[in-house]
Amino acid sequence: MDVSAEAKRIMAVSISKLYASRAQRGGMRLHRSLLLSVIMRSARDLYHSACLAKEREELGTAHLVPVTPEEDAMDTTANGEQVEVEVSQVEPEPESPLTPPIQEPMSSDSGAAQGACKTRTFSGKETVEDKENRSPVSPDRHSRKRRGKASVAPDFLPSKRARLSLELGEERVLRTGRRNCCRAGDAFTTLSLNSNRAIAAF
Amino acid sequence: MTGVGRSVGEAARVIEQAERGRGKKVKQEGGPQRLSHYIAPSFEKDRLHESIPGHTSPGIERASRIPLAMAGTGGGSNDVQWCFSQVKGAIDDDVAEADIISTVEFNHSGELLATGDKGGRVVIFQQEIENKSQPQCRSEYNVYSTFQSHEPEFDYLKSLEIEEKINKIRWLPQKNAAQFLLSTNDKTIKLWKISERDKRLEGYNLKEEDGRCIDPNTVTALRVPVFRPMDLMVEASPRRVFANAHTYHINSISINSDHETYLSADDLRINLWHQEITDRSFNIVDIKPVNMEELTEVITAAEFHPNQCNTFVYSSSKGSIRLCDMRASALCDKHSKLFEEPEDPSNRSFFSEIISSISDVKFSHNGRYMMTRDYLSVKIWDLNMETRPVETYQVHEYLRSKLCSLYENDCIFDKFECCWNGNDSVVMTGSYNNFFRMFDRGQRRDVTLEASRENSKPRQVLKPRKVCAGGKRKKDEISVDSLDFNKKILHTAWHPQDNIIAVATTNNLYIFQDKVN
């Protein structure tokens, strides 16, 4: 399908850019890394929704299955709203295949068959931070446990990862990311976690 | 210090010390930059001496020196015809990475034009004094001073190399005979003093003319050293180094109208400095989240208000601008105003989030407006209205359908700058294919011009260019697919009073002036 292939390609391009920026002179640029991870996440969302649409077509179901909200470590919405993609409206358009309309948040169905990622509240943003008198010890980190979706693991990613990660350090990061995923098969989630880690490493 | 019974030699030492204390220092930290030990940028390939004559230089630019018509005072902006004046830099297509121009800035009078490059060098051009006998002659810009501002450094703690590329240059308002500017790379800001020396002391008692010391015991008579004229020499010396205050990469510096402080901004923090104090700076904005994984936006540019010394703005990667008042609190995390335009849903696309990232923000000279540049447009905001810009100009809307390719070739990350003309009636910004665009706010007209070697004949009037977005391409139009995305104009500057513009292509600096009708 056009959309999923396009999303896959964008994901691959983004990953290679992110890895290339590690070797860049002057170190990783935070702004650039942020933009790359935004694109990666959008591409991943698009890919997932495209795959789901494909599955639904194959299964022949007519009604909508609400997509469980995915909570990412790096949510672009300001107050932790959950962004969902209305799967049925994603259509491959020849001119701009990457324009999925993003719907406003719906109530989540945690028992959905697709599995749920743990919702993380943004307490960090709501509490008033006294930066002048803050103690150096950072508060408890949110649990990194995530449960990936039960979607088909994209076949290109594992081999891509093996090709790209030549350094030992990168291998370690990837493996750590895998461990934190309850469902090890979800490579997309793993990779976005890695990108977040890459930025968190600043 | 003169006492009874001192020897002649000791008295001589006292006089020498007094002479050294007064007037210019011959040697200070870092010393005046000697020009022979580094590779000069291609502007001065032919000229590697220690002293650079100022006004009397023969000049090594390859451009014409035929004087242009002087700018007229009458006529609106639509009467302006832009003519080629000069081009600086190497002709050959093989661009040395160190020669890539990374910033361009006129000083407050417009007499000096500074450029910074990726190799950490600063080159300053000076406008020659107009030839009074020929009123039709417009003065030209010639090299005035060149120095190595920043060197590559290595951060051992993080195992990172710190690039020497000059990110920004800002001139300080002139207070005395010397000129001062701030130049910054990713981590360190330096205050440079550029001064002229056209006299030298001769007749020291303890030093020969060639520098050899004279034994004080052989001195039998004293003389007072005198000033003798010499060839004009322009010296650049680092007066202050402001280091170790930024964890992330510095993207902006801005000098306050109080003439005492300035700010520096990196991706997540803004620091306030005093121009004299290097070991301390105050953090006034900090948007770093407690958990870095929750990071959603970064600071992309910051600037002080041109006449309100308590006000500054900073732009974000999400397309918003925050205006802060330093009187409100010591930490300006809470903004006074938030300028944000809701996204046009019809333009929503996969990449619309990242193209809304603002790459530059500039106040108008009168301080009533500010201009922001995002990837596809220039927006002008009235400081009194936060909900939407008062004017929006599309720079290269034809690229909206090409965003995917521009993402792949990295062009979507290009950070274009923008600038105002002296009376805030016209704004200018760069584009691809060495095109640059001007938008006349009053006349509601815009023009696309090109900086190229082909249009570099003396006094040649620049012909407006047009990009054909689709459909039938007319004669003289260029189609979007033929645009050269490697030829980008990111940095432009406008003379504060006259219609003189400096436009930087990859490694060349073009100077255009208007033509009297």
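Predicted model: local features only at pLDDT ≥ 70, side-chain atom pairs only at ≥ 80, totals over all residues.
The cysteines come first. A disulfide is a covalent bond between the sulfur atoms of two cysteines. Cys309(B) illustrates the point: the nearest cysteine sulfur belongs to Cys332(B) and is 13 Å away. Because a disulfide requires two cysteine sulfur atoms within 2.5 Å, Cys309(B) is in no disulfide. Cys411(B) is likewise in no disulfide, and its nearest cysteine sulfur, that of Cys404(B), is 13 Å away.

The aromatic side chains present another picture, with 21 aromatic pairs over all chains. One of them joins Phe242(B) and Trp273(B), whose ring centres are 5.1 Å apart and whose planes stand at 70 degrees, an edge-to-face arrangement. Phe242(B) belongs to strand S11 of chain B, residues 226-242, and Trp273(B) to strand S14 of chain B, residues 269-274. The two residues are 31 residues apart, and the pair thus links distant parts of the chain. Both Phe242(B) and Trp273(B) are buried.

A further pair is formed by Phe339(B) and Trp381(B). Here the ring centres are 5.9 Å apart and the planes lie at 80 degrees, so this pair is edge-to-face. Phe339(B) lies in strand S19 of chain B, residues 337-339, and Trp381(B) lies in strand S22 of chain B, residues 377-382. Because these positions are 42 residues apart in sequence, the pair ties together separate parts of the chain. Phe339(B) has a relative accessible area of 0% and is buried; Trp381(B), with a relative accessible area of 1%, is buried too.

Phe84(B), Phe436(B), Tyr510(B) and Phe512(B) form one aromatic cluster.

Lys17(A) lies over the face of Tyr407(B), at 5.6 Å from the ring centre; the lysine is in chain A and the tyrosine in chain B. Arg441(B) provides an example with both residues in chain B: its charged end sits over the ring of Tyr369(B), 4.6 Å from the centre of that ring.

Definitions and conventions. Residues numbered from 1 in each chain as written. Chains lettered and ligands numbered in written order. Heavy atoms only, no water. Phe/Tyr/Trp six-rings, centres within 6.5 Å; stacked < 30°, edge-to-face > 60°. Helix = DSSP H or I, 4+ residues; strand = E, 2+ residues; numbered from the N terminus. Buried < 20%, exposed > 50% of the residue type's maximum accessible area, 1.4 Å probe, protein only. Lys NZ or Arg CZ within 6 Å of the ring centre and 35° of its normal.
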